[in-house]
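Subject: Structure for you to look at

Dear colleague,

I am passing on the structure we spoke about, with the sequence alongside. Please open it first, and then read the notes below with the model in view.

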Amino acid sequence: MPASPSTARAINDRLALRLLQQEGPLTAGQLKQLTGLSRPTVADLVERLTAAGLITVVGESGEQRRGPNAKVYGIVADRAHLAALDIRTEGVAVTVADLVGRVLAEASAPIGDDTGTGPAVEQAVALVERVVKEAGADRLHTVGIGAPGLIDPASGELRDSSGLPEWHRRLVAALQERLPEARVSVENETNLAALAEQRDGVARDRDTFVLLWLGHGTGAAVVLDGALRRGASGGTGEIGFLPVPGAAALPSSTDCEGGFHSLAASGAVVDLAAQCGVPTERGQEPSAVGVVRAAAGLVRSAVRDARGVETGAGVSVSPGAVPAARFLDALADRVAVGVASVVAILDPGCVVLGGEVGQAGGDDLAARVRDRIARMTPLPTEVRTTTLGGSAVLRGALLTARDRAQEELFTPGERPVRRW
């Protein structure tokens, strides 16, 4: 059946808005060319969207032509303001952006382990309020939150998880109470990182891939045929609980120690570096990111120095390179155990090493994991390094908030002309 006139108008409006979001400001002529619609139809939709407060004239085309320059239309960016939060065990980061995703203000703050639940929630809420004020936003339309742990697929709420701070769950509830006009949603941090890598990162050319998060903890996100898969209980990718060889015991339903977490989480990585004799900065507490980055740097320097020796430059190889290479080899052995398990079950064709530790290891770690996977499985698998690192969670939260706000504001039908 042919679409009714009102349905056809709604479809055309959505198409034009999506093009303006993806391509940026456009003239009516460019909208005509990109949509294939007639000139009168484009003129009508421009008038409707302008009256609805969704688009406005943002300039004039610079084309050399006879007569007046063509008006350039863009989405009204301040039609709605968005916030994204990245909640970690040790703190929270906040970004506030406009409707097209342009960041207006951002900040982060640590929250100590000894901070009580109530004070921790108040610190985080105060940070959100401060960033909103700095962004010049009167109110928030949509808030996207990334947090560790399981998200209940029925309620969309962060489930109570042992080992994670109680203030995480309380913060989500507090934001919903303090921002009654905002749409607040929470998603697993690794899932958001995968969405960010798919949209803006190293997996833009992949419809199917797995992101393995390597940071304070471990996790995995599964994207199959372009869609994020969460599982029956929201637990797809809880790879920290995966029983693995080399662990002292089996994990339990309440504790992932003994699983893959005990091999590849930050504490285990630091211990492994010490066992391999990787040097650390004197007087500083070693971090997983620091030791992995230092080891990768030493290995790269050794490769350059070795090439200098081969060419007769007479450069000596740093003695720290030997334990650094040994450490990266041992870490790759551990990471490959988790990757091989994922590959055997899902055959994703591509695994992204994400998180701060994955980023610190770079191509040196990814290449080692790739070599081991090639020996462990007949299934061809690319191993890539994140291009977003730890910022992927915040980026993914902002993308989902923007999508949700645009989905509501761009929905066909009566649009009240108001600002959020």
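Two strands are taken to pair if DSSP finds at least two bridges between them. Please bear in mind throughout that this is a predicted model.

Strands β9 and β10 run antiparallel and are joined by 6 bridges, and they form a hairpin with 3 residues between them; Leu214 has Thr218 in β10 as its bridge partner. Strand β10 (residues 218-224) then pairs with β11, again in the antiparallel sense, over 3 bridges. Here Val223 stands opposite Leu228 in β11, while the bridge partner of Leu224 in β11 is Ala227. The hairpin of β10 and β11 has 2 residues between the strands, and in this hairpin Asp225 takes a positive phi near 55°.

How many of the 7 residues of β10 are buried? The count is 6, so β10 is largely enclosed by the rest of the structure.

Strand β5 (residues 91-98) pairs with strand β6 (residues 103-110) in the antiparallel sense over 7 bridges, and Val96 has Ala105 in β6 as its bridge partner. This hairpin of β5 and β6 has 4 residues between the strands, and Gly101 takes a positive phi near 90° in it.

I also looked at one pair of helices, α1 and α12. The axes of helix α1 (residues 5-23) and helix α12 (residues 392-409) come within 12 Å and cross at roughly 150°. Angles over 145 degrees count as roughly antiparallel, and the crossing therefore makes α1 roughly antiparallel to α12. The crossing of α1 and α12 is right-handed. Which residues make the contact? From α1 they are Arg14, Arg18 and Gln21, and from α12 they are Arg402, Gln406 and Glu407. Sorted by class, the contact of α1 with α12 has 4 charged and 2 polar residues and no nonpolar ones.

Finally, some values for the chain as a whole. The protein chain has 12 helices and 13 strands, and its C-alpha atoms fill a box of roughly 70 × 60 × 45 Å, taken along the principal axes. Of its 420 residues, 50% count as buried. Among the contacts in the protein chain with a separation of 6 or more, 64% are accounted for by residues 24 or more positions apart.

With best wishes

Notes:
Residues numbered from 1 in each chain as written. Predicted model: local features only at pLDDT ≥ 70, side-chain atom pairs only at ≥ 80, totals over all residues. Heavy atoms only, no water. Axes fitted to C-alpha atoms, helices over the stretch in contact; angles between N-to-C directions. Parallel < 35°, antiparallel > 145°, perpendicular 65-115°, else oblique. Left-handed = near helix turned anticlockwise from the far one by under 90°. Contact = heavy atoms within 4.5 Å. Nonpolar A, V, L, I, M, F, W, Y, C, P; charged D, E, K, R; others polar. Buried < 20%, exposed > 50% of the residue type's maximum accessible area, 1.4 Å probe, protein only.
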